[in-house]
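Open the model in your viewer and keep the selection tool at hand.

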Amino acid sequence: MKPHAIPAEPAADEAAWVEGELVRGLMRTQRTTRILGLLLIALVLAVLWPDVPRPALLGWAVLTTAVGAVRLAIMRLYAREVAPAGPHEHLAFVRRWGLVWPVTGAMWGLSTLLFFDRASLEDQFVCWLVLSGLSMFAINTLSSHLATMRSYLDALAATALGVMVWRMGFDLRFTGPAYHWWMVLLLMLFWQVLRQAGLRQHVTQRKNYELQYRNNQLIESLTRQTQAALDAVEVKNRFLASAAHDIRQPVHALGLYADWLGSEPELVHDLAPKIVESTKAVNSLFDSLFDMARLDSGKIRLHVETLRLDKLLQDLELHYRPLAEAKGLKFRVHSVTGSVASDPILLQRVVGNLISNAVKYTQRGGVLVAARVTPAGARIEVWDTGVGIAPMHQREIFREFYKVPSHAGTDDGFGLGLYIVARLAHILGHPLHMASRPGRGTVFRLLLRPTDPVEAAQRAASSIDTIKYGRPEVLLGPPIITGRDARPATSVAQ
């Protein structure tokens with residue numbers, strides 16, 4: 001029978017837990033006491049059989065055995081219903097059935113009625129030795145629960161003393177031998193010594209359980225602190241991986257512009273503004289990466305403002321057109337006038353990661369980035385004619401560090417792009433919808449509902465556990481997109 005689990009809450013009732021464990025300790029010893037009790041009943045029968053009237057002796061043996069049988073039934077009830085329960089159930093069990101122990105003690109105390117001044121001195125000595133052994137054994141088996149131990153000893157000693165005084169006063173009229181009084185005095189002293197010894201042993205056991213409780217609380221506290229440190233390391237690792245993932249697009253574009261400028265210096269007036277813009281993009285990405293670190297800790301600060309859709313798409317085109325054209329892909333942008341309330345840096349990261357993935361996983365054809373204004377609100381769509389995503393992977397790709405097996409283009413990535421997209425879209429309150437067909441291409445639609453700063457901050461704080469142990473929710477559409485409001489993927493390359 002193992003100790004019950006330590007309550008996880010610091011405010012848990014330590015005293016109740018300790019009391020419950022003391023009751024468990026009491027119950028662990030009862031099987032041994034039952035066996036010993038049966039053996040001692042047989043011993044008393046054998047010793048007193050020649051000297052004591054047999055009906056009285058057998059009657060005592062039957063009653064004592066019946067009480068033992070009741071204890072056995074109570075122990076089975078405990079093992080079946082109470083043992084797995086908590087400390088309060090253990091305490092309630094002892095309060096309900098605690099009377100059985102003093103009754104057992106009283107039955108053994110009544111045995112003095114059979115042998116005191118009735119059997120030979122040798123047999124009386126053996127019987128007194130049995131009672132003394134039971135009393136001392138009770139200290140080891142019952143002292144874990146002080147009230148039970150005291151009730152057992154008190155019942156045994158009080159019954160034995162009562163029988164002796166009754167025998168000396170009413171049967172012998174106080175004319176018996178003087179050693180009777182010494183035996184009464186000795187029994188009273190022995191009774192008090194046993195109570196004090198049991199108290200000391202109980203205090204020792206209680207302190208052991210209290211120490212166990214506090215040690216477990218300390219271990220749990222250290223475990224939580226260790227886990228917090230590991231979580232901090234995990235956040236740092238995710239931050240570094242995210243930084244390596246997100247910084248490569250603008251840096252790559254900056255390198256392309258620099259090479260272009262080196263081979264055609266006469267284009268300096270055209271390329272210099274683009275280089276400046278790409279440099280600004282690098283700085284903005286560093287700022288956003290620090291925001292991402294705060295996002296992982298639930299302390300992200302959003303800066304919601306009104307954005308122009310055409311300006312957003314122009315900035316994204318500046319960053320990602322060189323990447324697409326370097327792969328021989330057509331890069332088309334369809335912009336409309338309109339505005340949306342959102343965080344400019346985070347929204348740019350969401351759409352930018354979608355465009356980056358489209359370019360990475362498209363080997364021929366092109367990429368289309370389009371803004372639309374619908375009755376449900378403005379939305380941005382990213383189409384490609386790439387490899388597409390099989391249905392079995394369409395949910396998994398939004399998981400952190402997940403890479404589609406045997407998917408061209410995954411070797412040089414960290415599996416963070418779509419994870420970041422889904423998480424930021426959730427925080428900004430922009431529902432994301434995806435549909436794909438393997439070998440035909442993929443489309444992502446981002447509905448730009450106005451971002452409420454307060455609600456977004458709450459989503460950022462509450463999404464930590466969801467992101468850590470689950471994954472963001474993304475609406476998955478059918479593999480073929482049709483209808484008046486859809487653009488076939490094959491038209492992207494036209």
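**Aromatic pairs**

The model holds 4 aromatic pairs, counted when ring centres of Phe, Tyr or Trp (its six-membered ring) lie within 6.5 Å. Planes under 30 degrees apart are stacked, over 60 edge-to-face, and the rest tilted.

Select Trp 17 and Tyr 213. This pair is tilted, with 5.3 Å centre to centre and 55° between the planes. It links distant parts of the chain: Trp 17 sits in helix H1 (residues 14-28) and Tyr 213 in helix H9 (residues 179-263), 196 residues apart. Helices (H or I, at least four residues) and strands (E, at least two) are DSSP runs, numbered from the N terminus.

This is a predicted model: local features need pLDDT of at least 70, side-chain atom pairs count only at pLDDT 80 or more, and totals for chains, interfaces and linings use all residues. Residues are numbered from 1 along each chain as its sequence is written, and side-chain values use heavy atoms, leaving out hydrogens and water.

Trp 17 is buried at 1% relative accessibility. Tyr 213 is buried too, at 4%. Buried means under 20% relative accessible area (1.4 Å probe, protein chains only), exposed over 50%, partly exposed in between.

Next, select Phe 115 and Trp 128. Their ring centres are 5.3 Å apart and their planes stand at 90°, so the pair is edge-to-face. Phe 115 is in helix H6 (residues 112-115), Trp 128 in helix H7 (residues 121-142). Phe 115 is buried at 1%, and Trp 128 at 15%.

**A buried serine**

Finally, select Ser 436 in strand S6 (residues 432-437). Ser 436 is buried, at 1% relative accessibility.
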